[in-house]
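Have the sequence and the 3D view side by side as you read.

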Amino acid sequence: MIDDETRYRAVDSRDSRFDGVFFTAVRTTGIYCRPSCPAVTPKRVNCTFYPTAAAAQGAGYRACRRCRPDSVPGSPEWNHRADLVGRAVRLIGDGVVDREGVAGLAERLGYSARQLQRQLTAELGAGPLALARAQRAQTARLLLQTTELPVTEIAFAAGFASVRQFNDTVREVYDRTPTALRAETAGRRTRPATAGTLALRLAYRGALDSDHLLDFLALRAVPGVEEVVPGGRPGVRTYRRTLALPYGHAVAEVDGLAAADPPTRGWLDCRLALTDLRDLTTAVHRLRALFDLDADPDAVDEQLGADALLGAAVRARPGVRSPGHVDPHELAVRAVLGQQVTVAAARTLAGRLAERYGAALPAPGGGLRLLFPTAAALAGAEDGDLAMPAARRRALRGLCAALADGTVRLDGGVDREEASAALLALPGIGPWTVGYLRMRALGDPDVLLPGDAGVRHGLQRLGLTGDAAAATAAARPWSPWRSYAVHRLWLASAAPGPAAPVAAGPAPVGAVPAAAGPLAPEVAR
């Protein structure tokens, strides 16, 4: 928790680490800004601080046209918190209020709409409708300033119920009509975007190690569904994948950083080809989760960097993120496919299932041809398509059936403890699989996988024994960032040099033992 005096010092020093964490409203100008706004620092007496852009807008302030406070990274607090408010903010970010209303949001969370309104307003200064409205306004500005779509189409694509509501909101939030807002960037658009195709920037704070992210994703890329390819600039790699979204599908491309780009550049270039523009907010939200762009790497690296075991690696390679995923059901299937096999074997099997049960894209592009199969489709997969032991086939089918009928939920609004218990109740799902899904599907920043072979190898590379007890003891100072420490250990396990032997013994249920072959000691995650 930070007080107002600390917030003002952050504003006075234009500290970008606090962008998205709070917003500064200036009474004399009627605008609100991000902490790093380059404008002249206002007097302390004229400043009021709000936890969200929606709260500032609700108090009558408009967004600063210089620092664009609506486009900052999301607060890492809402990204990682497991309580009602954190879960609600994640679902609102995924567009649930626009699709299902406040009643649908409340039902997903297991609370009444009145309780939800009260808790969000008390902590964020705005209720679910106001938070969704602020998000719609930001989406509208993005579409106005990056496409040539008619204003009426943009209104409904951004989630507004009417053109009048769209016009009123844009004027209130930006002090501009939609036409004037679009005119601000008319000279900077190098080419008009076609309907459904958008070029945008995904903002992040602090340092970002994009090589780690792209290496991680490339190793696990399912053929036909995702790929990492050379980008449009020298030294840049691009991650591409298909997305199944509420109103249609999309193809997303996200560029990593070039060697000449500073890791603190602040954004990743992204392109989205959408079959329905109403999916824009959801697609952006899921890509941000995949790349962990709302994290606070300074807080993570400060704690892990002070550790005797990990400190040198953290200082040598700052900004390592903990990747999430765009589809928790897909990730759950792939986690079971990866039990006790290599990454390459799991990827090959996932590709075969995608070919057999995934929907084909109407217009394939590059190596992308398929959407990953739904859980319902895989629940009835034939034995001949599941090249795995019978026990794991039963585990996969049981998991897919539970996901399809809602017995197990893995969306951003689920309680992590309840989801973990529901997963463990399924046959063939053990602690490793549950921990992995908590880390990637549910965004838990504090997961340790003590039975994981890569974790054991990483600890041995750093001079410790590789048993679970040693891992648990070593990890105590890493909390609440143990998920990030796991990625550090995986990096250590894959570093060049001879690997220390891992102690023999049975792997825990759901764990992945070390794999023989060229990818060892990397294992299927």
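Cys64 is buried in this predicted model, because its relative accessible area is 5%, under the 20% that marks a buried residue.

For Cys33 the nearest cysteine sulfur is that of Cys64, 3.9 Å away, and Cys33 is in no disulfide. Cys33 also counts as buried, because its relative accessibility is 9%. If you are looking for disulfides elsewhere, the count comes to zero. As a reminder, a disulfide is a covalent bond between the sulfur atoms of two cysteines.

Now look at Ala63. Ala63 lies in strand S4, which covers residues 62–63. Is Ala63 buried or exposed? With a relative accessibility of 0%, Ala63 counts as buried. Leaving aside neighbours within four places in sequence, Ala63 is in contact with Tyr32, Pro69, Val173 and Tyr174.

Moving on from S4, you come to Arg68, found in the loop between S4 and helix H3 (76–80). Arg68 counts as buried, because its relative accessibility is 13%. Its backbone deserves a look too: phi of Arg68 is near 50 degrees, a positive value in a residue other than glycine. Most residues other than glycine have a negative phi, and most peptide bonds are trans.

Which other backbone details can you look up? Asp292 is not a glycine, and yet its phi is positive, at about 55 degrees. You will find Asp292 in the loop between helix H12 (280–291) and helix H13 (297–305). At 5% relative accessibility, Asp292 counts as buried. Further along, a cis peptide bond joins Ser479 and Pro480, with omega at about 10 degrees. Pro480 sits in the loop between helix H22 (468–475) and helix H23 (482–493).

Now zoom out to the whole chain. Its secondary structure comes to 23 helices and eleven strands. The radius of gyration is 23 Å, close to the 24 Å that the globule rule gives for 525 residues, so the chain is as compact as a globular protein of that length. Along its principal axes, the C-alpha trace spans about 70 × 50 × 50 Å.

How much of the chain is buried? Buried residues make up 55% of the 525 residues. Contacts tell you how the sequence is brought together: among those between residues at least 6 apart in sequence, 69% join residues at least 24 apart.

Key:
Residues are numbered from 1 along each chain as its sequence is written. This is a predicted model: local features need pLDDT of at least 70, side-chain atom pairs count only at pLDDT 80 or more; totals for chains, interfaces and linings use all residues. Side-chain values use heavy atoms; hydrogens and water are left out. Helices (H or I, at least four residues) and strands (E, at least two) are DSSP runs, numbered from the N terminus. The radius of gyration is taken over C-alpha atoms; the globule rule is 2.2 Å times the number of residues to the power 0.38. Buried means under 20% relative accessible area, exposed over 50%, partly exposed in between (1.4 Å probe, protein chains only). Contact means heavy atoms within 4.5 Å. A disulfide is a pair of cysteine sulfur atoms within 2.5 Å.
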